[in-house]
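Dear colleague,

Please find below the structure that I am handing over to you. My notes on what was found in it follow directly after.

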4 protein chains.
Amino acid sequence: MRIGILTSGGDCPGLNAAIRGVARAAYQTLDAEIIGIRAGYRGLIDGDYQIMERGQFSGILTLGGTILGTSRTPFRNMRVVEEDNVDKVYAMKMNYKAMKLDCLVALGGNGTHKTANLLSEEGLNVIGLPKTIDNDIFGTDFTFGFHTAVDIATDVIDRIHTTAASHSRCMVIEIMGNKAGWLTLYAGMAGGADVILLPEIPYDIERVAKVLDERAKLGKFFTIIAVAEGAISQEEAAMKKKEREAARTEREFYNVSQHIAAQLEQLTNVECRTVIPGHMQRGGSPCAYDRVLSTQFGVHAAKLIKDGQFGVTVALVGNQITQNRLADIAGVPKPVDPDSQIVKAARNISISFGD
Amino acid sequence: MRIGILTSGGDCPGLNAAIRGVARAAYQTLDAEIIGIRAGYRGLIDGDYQIMERGQFSGILTLGGTILGTSRTPFRNMRVVEEDNVDKVYAMKMNYKAMKLDCLVALGGNGTHKTANLLSEEGLNVIGLPKTIDNDIFGTDFTFGFHTAVDIATDVIDRIHTTAASHSRCMVIEIMGNKAGWLTLYAGMAGGADVILLPEIPYDIERVAKVLDERAKLGKFFTIIAVAEGAISQEEAAMKKKEREAARTEREFYNVSQHIAAQLEQLTNVECRTVIPGHMQRGGSPCAYDRVLSTQFGVHAAKLIKDGQFGVTVALVGNQITQNRLADIAGVPKPVDPDSQIVKAARNISISFGD
Amino acid sequence: MRIGILTSGGDCPGLNAAIRGVARAAYQTLDAEIIGIRAGYRGLIDGDYQIMERGQFSGILTLGGTILGTSRTPFRNMRVVEEDNVDKVYAMKMNYKAMKLDCLVALGGNGTHKTANLLSEEGLNVIGLPKTIDNDIFGTDFTFGFHTAVDIATDVIDRIHTTAASHSRCMVIEIMGNKAGWLTLYAGMAGGADVILLPEIPYDIERVAKVLDERAKLGKFFTIIAVAEGAISQEEAAMKKKEREAARTEREFYNVSQHIAAQLEQLTNVECRTVIPGHMQRGGSPCAYDRVLSTQFGVHAAKLIKDGQFGVTVALVGNQITQNRLADIAGVPKPVDPDSQIVKAARNISISFGD
Amino acid sequence: MRIGILTSGGDCPGLNAAIRGVARAAYQTLDAEIIGIRAGYRGLIDGDYQIMERGQFSGILTLGGTILGTSRTPFRNMRVVEEDNVDKVYAMKMNYKAMKLDCLVALGGNGTHKTANLLSEEGLNVIGLPKTIDNDIFGTDFTFGFHTAVDIATDVIDRIHTTAASHSRCMVIEIMGNKAGWLTLYAGMAGGADVILLPEIPYDIERVAKVLDERAKLGKFFTIIAVAEGAISQEEAAMKKKEREAARTEREFYNVSQHIAAQLEQLTNVECRTVIPGHMQRGGSPCAYDRVLSTQFGVHAAKLIKDGQFGVTVALVGNQITQNRLADIAGVPKPVDPDSQIVKAARNISISFGD
């Protein structure tokens with residue numbers, strides 16, 4: 001039994017823990033050989049891989065990043081299967097055979113799962129493992145990496161809190177998440193943000209300004225705003241995509257946090273500053289939650305291999321580790337539902353979503 | 001509308017976050033007055049309380065401990081309702097009336113919930129909030145405080161790992177949990193323990209010794225053992241409770257970790273050391289996960305009050321915040337199931353439970 | 001005895017610990033009354049202050065920010081004493097008398113010390129306490145706040161390391177410090193940076209590019225660059241200040257990290273990304289080192305008051321807490337010496353300064 | 001040029017950072033070959049070593065423990081040179097020659113330095129590097145590992161603070177340090193302890209009890225006591241060593257914290273609990289301060305080798321890295337001076353030393 005593993009897309013805490021979970025369970029329950037494929041699908045296309053030794057999975061549980069390396073999607077455009085893409089898919093199939101793999105375990109986010117599904121449809125035995133700090137993979141309650149990123153972003157907000165209060169400033173913290181606001185929502189609630197702005201709930205800058213004014217009336221001269229990098233205003237939401245992009249090019253600041261801070265300084269008398277923690281949100285050792293989840297996900301992948309169940313991705317549903325068919329979840333978005341219990345809870349403790 | 005709040009039992013991270021959640025939601029959705037009862041049920045018995053101001057709930061989201069103070073159960077023996085207990089229950093009912101409460105929110109663990117149920121049966125409007133680092137309250141997937149304690153215990157194991165490896169020692173880390181092994185199980189998995197010993201899975205010390213010997217054969221001269229303070233050997237498990245207690249009194253070391261370390265030093269050639277992090281596992285700022293969960297729990301309590309739904313405790317089931325009847329969960333244990341998915345996952349990555 | 005305290009300039013970890021040190025020592029050894037002046041010198045100008053109670057100094061040792069609030073320098077231009085400044089100085093002297101202060105303790109950085117010196121020259125009893133994450137106050141080995149900021153910036157670099165390695169990228173991390181590179185130097189060394197760029201050592205971008213190329217030859221496809229926000233190129237260093245500013249306005253990116261990343265992407269084949277942790281470097285709970293140092297500094301200020309020794313600022317020299325005359329240190333820069341032992345040590349472990 | 005390195009005594013954060021510093025500077029400035037000696041002097045006695053490759057020093061800056069392994073002193077009794085010791089010294093000299101070493105770098109604490117001095121007197125080229133969390137090596141302001149241990153112990157006290165306040169308890173935290181109280185002093189001050197008990201300042205338990213009583217009078221019903229594991233009472237201090245040991249055997253609790261807690265419960269009405277964090281104080285990743293110091297120490301060792309300066313150990317004096325003669329510092333204690341500035345500062349903020 002030969003199992004190929006690759007990690008694809010942006011790195012995220014827990015990748016190594018999941019790799020270790022697959023490997024240890026595969027060694028113990030399947031007596032398998034593990035093939036490590038370098039730098040994501042690129043390694044599968046180029047035939048860049050190595051046969052792993054058991055010792056290589058020791059001591060990696062706590063390590064950030066991925067020992068296998070990673071790269072972004074190999075395809076320029078997933079929707080149109082251009083000639084270039086056909087060649088790449090062909091190369092992946094050939095290398096899968098050349099490596100004599102019995103199955104391929106692909107750890108990644110949405111892009112990774114689309115490619116995994118494509119390879120599955122082409123007849124390869126593929127199992128996905130849902131990693132992403134964005135928590136936006138359909139069919140799983142949580143992806144691994146998410147809670148670590150929440151911890152990091154929350155720590156940033158905690159630190160900013162003291163500087164905001166000392167200087168009586170409004171601090172706008174831009175948190176990762178282009179299409180889904182999960183990370184901003186959780187970190188905002190955990191960090192005690194006064195305003196949370198998400199891609200899923202377009203904001204009205206006047207309403208945000210009002211929050212600052214009302215807080216000032218209560219003697220609170222500082223405000224914490226957690227904004228997802230993909231947050232959009234109600235005006236923008238009403239535009240077509242191209243119009244929106246054009247409008248963004250024209251405005252003074254590219255980053256949404258800087259744009260919002262500039263607007264708020266005009267609408268209120270409050271000094272505004274921005275913080276953009278960026279890539280640090282996806283780095284470093286996974287938190288305990290993610291280590292356990294990644295391990296369970298990895299072990300479940302080995303179980304699916306043992307059962308010969310392919311074309312699926314591992315998932316957490318309620319308290320159970322289970323799986324979904326790749327065909328059912330690839331490309332399906334998982335946004336924050338504005339009417340969900342957790343958004344309502346946030347509103348009930350007076351957090352404004354700017355709407 | 002007057003809402004009384006108390007925190008009872010051992011303190012745990014997230015209590016203040018939950019208190020803040022109840023208060024902010026109650027102020028916003030019920031325009032209620034919050035009465036803070038001092039030091040748990042003791043304050044209800046003694047009439048020791050204060051009317052809270054809104055500002056008192058500011059800045060407490062991130063704070064460990066409880067601003068209301070806490071104390072252990074007011075009753076010596078819950079099973080037999082002695083005269084003393086009758087007096088105390090009577091005092092609590094009288095003070096509930098004297099404070100003109102419309103309801104009482106009690107944050108605590110198993111003991112707290114038993115008393116909450118008793119007061120509910122006596123006709124008071126009671127709502128429970130399940131806090132405990134032990135995660136052993138029936139009917140909820142997780143209690144708040146648990147994941148913070150897992151983080152802390154995992155950090156301890158991480159630190160011990162380097163000293164274990166440098167000195168080629170076996171380190172036995174004793175983790176809180178007398179009746180339930182959840183904390184040890186999660187921290188052990190997250191910390192990469194080689195052996196995990198739980199109250200729910202009696203161990204055979206010879207088998208644990210064998211793990212050390214087998215690791216030495218593979219060139220691994222250190223071993224990490226995570227043991228719950230309530231772990232028991234198979235011999236002890238076969239005894240009656242009194243016999244077991246007598247046996248424990250006779251042995252050289254009271255703490256299970258020290259007892260095990262001494263036994264392993266006799267059975268193997270490996271130097272063994274113990275670490276007992278103790279109370280630090282329940283202190284300090286809650287992790288992001290617990291801040292969000294506590295907040296959601298608190299808000300849900302306010303919603304239940306609004307709906308006039310009493311005699312219940314808040315719970316997390318799957319991804320939803322819901323509630324259980326106090327009568328259904330009070331006094332019901334929630335041990336780790338030895339046949340559960342997570343225990344099997346641990347076994348599949350070669351973690352030994354010593355059985 | 002009435003002691004006024006104010007905190008001025010950017011907030012920084014340890015301010016509250018130092019305030020507590022002054023207050024507790026003043027209460028115990030001088031039986032003094034403490035007057036808290038709001039928002040830095042602005043409070044002294046406006047007469048915005050309160051008599052503090054002992055309890056207000058409880059529980060603040062671990063708190064980031066400043067319980068007194070802060071503001072930037074009250075003067076637009078320190079060099080020319082404009083009419084406006086004369087009025088402000090007059091107001092400060094009047095309020096000092098109106099508050100019946102026996103002395104003023106001013107916690108702050110370089111700007112704060114210049115104003116402290118000015119007030120001292122005007123006849124007020126002033127004692128300075130050197131806080132700044134920049135560590136650029138002349139005459140003290142370390143300022144408080146510095147080591148906490150080093151910890152934070154190092155943690156950022158640690159997290160970025162895993163993402164850099166996984167993606168084979170060059171990560172450019174922009175660390176606070178406009179005029180002095182201490183924070184970047186220490187965090188860069190602690191975080192294992194390959195390149196450290198400081199205001200004190202102008203860099204040649206071609207040499208930096210060469211580091212990337214040489215690492216690639218050794219099979220290391222990622223590089224960590226720690227750059228101070230005030231780092232300058234050798235070309236810029238040769239310009240006059242106005243020319244330099246004009247040149248910066250013209251270039252594509254304002255932030256030095258983004259500018260460098262863009263240049264390196266042109267000069268090499270390596271993908272470059274930037275991280276700008278910003279204000280989080282000055283927030284949150286002080287590290288143990290800073291708590292002890294702040295406390296010692298605060299206690300020493302109380303001792304100086306007792307000894308009637310004014311017109312000085314507290315300092316750490318070697319292992320001893322001592323003081324310097326404000327007149328000797330105000331306005332004196334304390335840059336990193338390119339020939340110092342620590343810079344040489346960094347060079348000896350192959351860290352490049354791009355020169 | 002062949003340089004042997006070994007780490008001896010209890011492991012401590014920064015060992016790997018220092019090893020890396022020596023190696024990188026030695027490779028760069030001396031083009032040396034590094035020989036890693038396994039498990040301290042034991043490896044020198046047994047000839048257990050390996051020629052290191054450059055890659056082995058990559059990625060270890062942040063790692064706790066020691067990649068070389070360590071062991072306690074090879075001698076049973078340093079004072080009497082028994083026959084066994086003579087044989088061991090002979091073996092070390094022979095292996096030094098067999099390995100063709102030009103010098104030996106020994107990283108360790110007091111025991112390590114005594115042996116280093118002995119080997120130096122026997123004619124070997126030896127350089128010491130002062131590591132210990134106890135900070136008790138004569139002639140250096142700080143050892144590496146110390147500030148990391150202070151951070152860890154402070155974090156423990158921080159966590160205990162919330163539980164102490166919530167339960168109105170006295171918490172007695174036992175901190176490492178048998179002969180020297182530096183770690184307890186610094187962590188106690190950083191953690192806001194009310195009482196600090198050190199080996200250097202014998203305590204009177206009645207005075208400690210009085211602190212609890214006086215705090216209760218002020219409405220503070222909790223107390224934090226930081227006690228060094230080697231703290232002694234005034235009664236014990238008056239005894240001869242054998243008497244003292246006999247007295248300790250008789251008392252109910254072996255650990256000083258438990259002994260003190262039991263005594264205080266008898267003398268006061270306050271509930272007391274103990275926490276003994278133990279080995280976790282010496283584990284895990286070094287803090288930024290220690291990473292920089294260790295690196296500088298390592299680089300300085302390489303410089304001493306280049307200069308042919310042997311029979312010395314590296315030291316921090318004031319702000320400079322320098323060296324002391326092994327003969328001058330080996331076996332010389334470095335206790336906390338009860339009359340030092342820092343102890344006085346602690347007293348001035350009302351910390352009691354129980355004397």
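**Domains of chain A**

The C-alpha centres of domain 1 and domain 2 of chain A are 34 Å apart. Please bear in mind throughout that this is a predicted model. Domain 1 of chain A consists of two segments, 2-145 and 286-329, while domain 2 of chain A covers 147-282. Where the two domains of chain A touch, 15 residues of domain 1 are in contact with 12 residues of domain 2. On the domain 1 side of that contact in chain A, 7 residues are nonpolar, 4 are polar and 4 are charged.

**Overall form of chain A**

Chain A contains 13 helices and 11 strands. Along the principal axes, its C-alpha atoms occupy a box of roughly 70 × 40 × 30 Å. How does the radius of gyration of chain A, 22 Å, stand against that of a compact globule with 355 residues? The two agree, because a compact globule with 355 residues would have a radius of gyration near 20 Å.

Of the 355 residues in chain A, 61% are buried. Among the contacts in chain A with a separation of 6 or more, 76% are between residues 24 or more positions apart.

**Contact between chains A and B**

Chain A and chain B each bring 37 residues to their contact. On the side of chain B, the elements that give two or more residues are α1 (15-30), α5 (146-167), α6 (182-190), α11 (288-306), β11 (320-325) and α13 (341-348). Which of these elements of chain B gives the largest share? That element is α11(B), with 8 residues. By class, the side of chain B that touches chain A has 17 nonpolar, 15 polar and 5 charged residues.

**Contact between chains C and D**

The contact between chain C and chain D takes 37 residues from each of these chains. At least two residues of the chain C side come from each of α1 (15-30), α5 (146-167), α6 (182-190), α11 (288-306), β11 (320-325) and α13 (341-348) of chain C. The element that gives the most to this side is α11(C), with 8 residues. The residues of chain C that touch chain D comprise 17 nonpolar, 15 polar and 5 charged.

The contacts between chains are described above by residue counts. The size of an interface is often given instead as the accessible area lost when the parts come together.

Yours sincerely

Conventions:
Residues are numbered from 1 along each chain as its sequence is written. Chains are lettered from A and ligands numbered from 1 in the order in which they are written. This is a predicted model: local features need pLDDT of at least 70, side-chain atom pairs count only at pLDDT 80 or more; totals for chains, interfaces and linings use all residues. Helices (H or I, at least four residues) and strands (E, at least two) are DSSP runs, numbered from the N terminus. The radius of gyration is taken over C-alpha atoms; the globule rule is 2.2 Å times the number of residues to the power 0.38. A residue is buried if 20 or more other C-beta atoms lie within 10 Å of its own, exposed if 12 or fewer, and partly exposed in between; C-beta atoms are placed from the backbone. Two residues are in contact if their C-beta atoms, placed from the backbone, lie within 7 Å. Domain bounds come from an automatic or database domain assignment. Ala, Val, Leu, Ile, Met, Phe, Trp, Tyr, Cys and Pro count as nonpolar, Asp, Glu, Lys and Arg as charged, and the others, Gly among them, as polar.
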